[in-house]
Amino acid sequence: MAEPLLVVDRVSQRFGGLLAVDAASLSAPAGRITALIGPNGAGKTTLFAIISGFLKPSAGSIRFNGEEITGEPPHRLARRGIARTFQIVQPFAGLSVLENILVGAHLRHRARTVALAAAEQVGREIGLGDMLGRSADTLTVAGRKRLELARALATDPKLLLLDEVLAGLNPSEIRDFVPVIRGLCARGITILMIEHVMQAVMSLSEHVFVLAEGRIIAEGSPAMVAADAAVVEAYLGHGAAAKLGASHGL
Amino acid sequence: MKSVLPIVSVIAALAVVPLFVQSNVTLNFLVVTLLIALAGQGWNILGGYGGQYSFGHAAYFGTGAYVTAILQVRYGVNAWIGFAAGIAVGAAVGAIIGGLTFRSGLRGSYFALVTLAFAEVLRIVASVAPITGAGVGTLIKLDLRAQALQFQSRAAFYWLILALVALSLLIAWLLERSRFGAWLIAVRENEDAAMALGVDATVVKLGAMVLSAAITAAAGCFYAQYFLFIDAGIAYGTWISIEALLTPIIGGVGTVFGPLLGALVVKSLGEGAKLVAGDAPGLDLVVYGIVLVLVIWFAPRGLIGTVADARKWVLHRSSRSVREAGHG
């Protein structure tokens, strides 16, 4: 069997005395949606920052498409086909929606007219068609999340790292957004997503990794992971699994 | 800005001025204004489009001026070649300063302070080094021939600096429509987000620094040829660092015409104040200060930026009290 598109192998990240990520390993097979979940402060965003090149890990290695990419800077990873969104949206606030997406589109297209056409197409696909001329700072939270996604998508990635794209959206916005993510996967883009919205994780991903206190404590199908005693304890505290089991008569 | 038509019309309008105005005082005023506009456009490439606020563009202005002058005076090099060399060496100094500052990740006020320090170091070196004429300065021999890049008529100098300004406007216009420009603006708006989209922020900033330094150096080269005398305080003085950043900030940062408009406004007000109040030393600086405060207060995006979204500004004013109450 071929190696998964992304392989994170025993990666650790130390900030002074704090071990934020502790020998975490995970993988994202091509063409699938893989989820990374975990309680607040588990190190998910740190792990994303390492995969996308914003942090150099203290130990461990990362392979993409069979090649060693550990420690490569973000712009080079983007050229390889790794795109990310930020948990805290980072729009180019002074620019229009189209100009925002254009920056991403320029990665593959030097000519402005070609890049503009590509950016416009991506914008429409992500549901920003009516807002292309608007200034990015006038968008709603849902609009900014879409913009974040559109910009990343415009770089024509093989692997898309989504850091809580659904956080802060209301249920109807989430309902609108989930098919968009599924559509990207159908186009052959591999997705690794950090997500707190469990309903979305359940419906989108086939394989889930659970990170707690920097360690991968469980992995498997969403249903398997949700029933895992260690996962329940990580979210709800020590002894919670036993109490839950008792009250549900399990 | 969609087409080059505004640039062509503005330059054409300015080009005919010497046909109607013969006064040397007026032409001299316009030459100096255009010179500052050129230096300001250099700053605008890096500061306006790239968001890297340099406080030390004197480093490039002075290098351009000294290289032009020293090559002629000490090595007998043709003035035109000296002029080109001045631009090239100015760009190289930009590459060195940019390489050191950007590679070490300096941003914001740290970057501003370090650029200021570089310019000051150069000023001090130039004021003691024998090759620059140290405290005495460097005097270029009067030689009113076109091949020596000196002209009998002010109009010829005026057209030369106008051509350079036209070129700098065109560079800014092209920048706005290029991939490099899109990346540079992205770095200004959000460096991390730009990097995630494949932009090599260090290389982009360095490129902008070199282009910026070359343009400001050209202003320095012209200064040397026009006034035929430079010393450390003129060439590397903070006055030019300040004027180079003041004009685009007042005219409109990150806009094609910002530096030109800013230079016209600032220089007119400075001269106007002198006319009214006599030649009190430092009065023009007081005027600059007042204009800067007013612009930052009422038009933080400069005159052009404010005209561009004047409607938005009116709305902002009317809703400001509401929002301030909300933030309180």
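Predicted model: local features only at pLDDT ≥ 70, side-chain atom pairs only at ≥ 80, totals over all residues.

Colleague: By how much of a helix are B:Arg123 and B:Glu120 separated?

Modeller: An α-helix has 3.6 residues a turn, so residues three or four places apart point the same way. Both of ours sit in helix α6 (residues 108-126) of chain B, 3 residues apart. That separates B:Arg123 and B:Glu120 by about one helical turn.

Colleague: What about B:Glu191 and B:Lys205, which form a salt bridge too: are they buried or exposed?

Modeller: Their closest N and O atoms are 3.2 Å apart. This pair links distant parts of the chain, with B:Glu191 in helix α9 (residues 191-196) of chain B and B:Lys205 in helix α10 (residues 201-227) of chain B, 14 residues apart. Buried means under 20% relative accessible area. B:Glu191 has 12% and B:Lys205 has 3%, so the answer for this pair is buried.

Colleague: Over in chain A, where are the partners A:Arg63 and A:Glu3?

Modeller: Their side chains meet in a salt bridge, at 3.2 Å from N to O. The two are 60 residues apart, so to speak in distant parts of the chain: A:Arg63 is in strand β4 (residues 59-64) of chain A, and A:Glu3 is in the segment before β1 (6-15) of chain A.

Colleague: How many salt bridges does the structure hold over all chains?

Modeller: Some share partners, and in that way A:Glu67, A:Glu72 and A:Arg80 are joined into one network. Over all chains, the total is 16.

Colleague: Last one: which residues of helix α10 of chain A are exposed on the face turned away from its buried side?

Modeller: Begin with the buried residues of this helix (residues 240-247), which are A:Ala240, A:Ala241 and A:Gly245. Seen down the axis, they fall within an arc of 130°, so they line one face of α10(A). What covers them includes α9 (229-236) of chain A. The face turned away carries A:Ala242, A:Lys243, A:Ala246 and A:Ser247.

Key. Residues numbered from 1 in each chain as written. Chains lettered and ligands numbered in written order. Heavy atoms only, no water. Buried < 20%, exposed > 50% of the residue type's maximum accessible area, 1.4 Å probe, protein only. Helix = DSSP H or I, 4+ residues; strand = E, 2+ residues; numbered from the N terminus. Arc of directions from axis to C-beta. Contact = heavy atoms within 4.5 Å. Salt bridge = Lys/Arg side-chain N within 4 Å of Asp/Glu carboxyl O.
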